[in-house]
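Please open the structure in your viewer and keep the sequence beside it. The tour below names what to select at each stop.

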Amino acid sequence: LKKVKQVVYIYKNNNLFGVINKKGEFIIDPVLSEIKGYGKGTLVGSKNGKIKVVKVFTKTASESEKIRVFIVDDDLDIRVIFTRMVKLFKGIEVVGTASNGKEAVEKVKNNEIKPQVILMDRDMPLMNGADATREIKKMLPSIKIIMLTAHIDEEGFAECFSAGADGYILKGDTSWDELEKYIKSSIHGEKPVSPLASTLLLNYLTLQKLAALKGENRKMEEEI
C-alpha cells in the first residue's frame, strides 16, 4: 500500500488496481485493472497489504454507456462542426444527423438511430423544430430534445416548449463547455436554457401557471 494525502493506492502485480479515497470508498481502476468497468465499495480494513472490502458495486449499463446525441440542422456546416465538437465531449457520442425535422422524425420512427438527446434546430424547411419535437415526443417521450437556435423571440420559444422541448440554447451564446454540460444535465431532468433566454422561460412558466389557475377557477364556477 502507498498512502499519499489520505488517498490509498492499491497495486496488484506492480499494476495500479484501485484507490481508496478520503471517504473510505474503494474505487477499482477502470483501465489498469483486469475487471470490466469499475465499481466501489466500503473499506473494512487492511492487514499486511491486503484490502478487505464489504462489497464492490459495478457500474450500471446506463452509467457506463455514452450519451447518444442526434444533431438536426438544415445548415450543413453547422451539422459538421457540431458533430466534430460533440464527438470530443467525454461520455458523449453522435449517433446521426438530419437536415430537417421531417428527416429527423423518419429516422427516429424507423428506429435507424436510438438517441437519448437531440440537438434540434428551430427553423428548418419541410418541418420545423417545434413540429418535429412534437412528433418525436409522441413516439418516444423519454428523449430529451434541446432546441439549438439563433432566434430568441417569445412566440417561437413558447411554441417549442409547448411542443415538449427540454431546453433552449442559443448558438451564438453558448460555449462548447456549456453545450457539453447542457447535454449531460438534460439527461438528469434539467431544462437547460441560455442565459439570454432565461427571461422567456420565466414568462412561459408564468403564463402556464396562470392558464392552469384560470382552468381551475372555471371548473369551480361550473360546480357552484
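Predicted model: local features only at pLDDT ≥ 70, side-chain atom pairs only at ≥ 80, totals over all residues.

**A guided tour**

Residues are numbered from 1 along each chain as its sequence is written, and side-chain values use heavy atoms, leaving out hydrogens and water.

Next, select helix H6, residues 176-187. Its 12 residues should span 16 Å at 1.5 Å a residue, and this agrees with the 17 Å between its end C-alpha atoms, because the expected span is 1.5 Å times one less than the number of residues. Among the buried residues of H6 are Leu 179, Tyr 182 and Ile 183; buried means under 20% relative accessible area, with a 1.4 Å probe and protein chains only.

Move to strand E12, residues 167-170. Gly 167 and Ile 169 point one way, Tyr 168 and Leu 170 point the other way, and all are buried. Strand E11 (residues 144-149) pairs with E12 in the parallel sense over four bridges; pairing requires at least two DSSP bridges between two strands. Select Met 147 to find its bridge partner in E12, Tyr 168.

Finally, select strands E8 (residues 67-72) and E9 (residues 92-98), which run parallel and are joined by six bridges. Here Phe 70 has Gly 96 of E9 as its bridge partner.

Conventions:
Buried < 20%, exposed > 50% of the residue type's maximum accessible area, 1.4 Å probe, protein only. Helix = DSSP H or I, 4+ residues; strand = E, 2+ residues; numbered from the N terminus.
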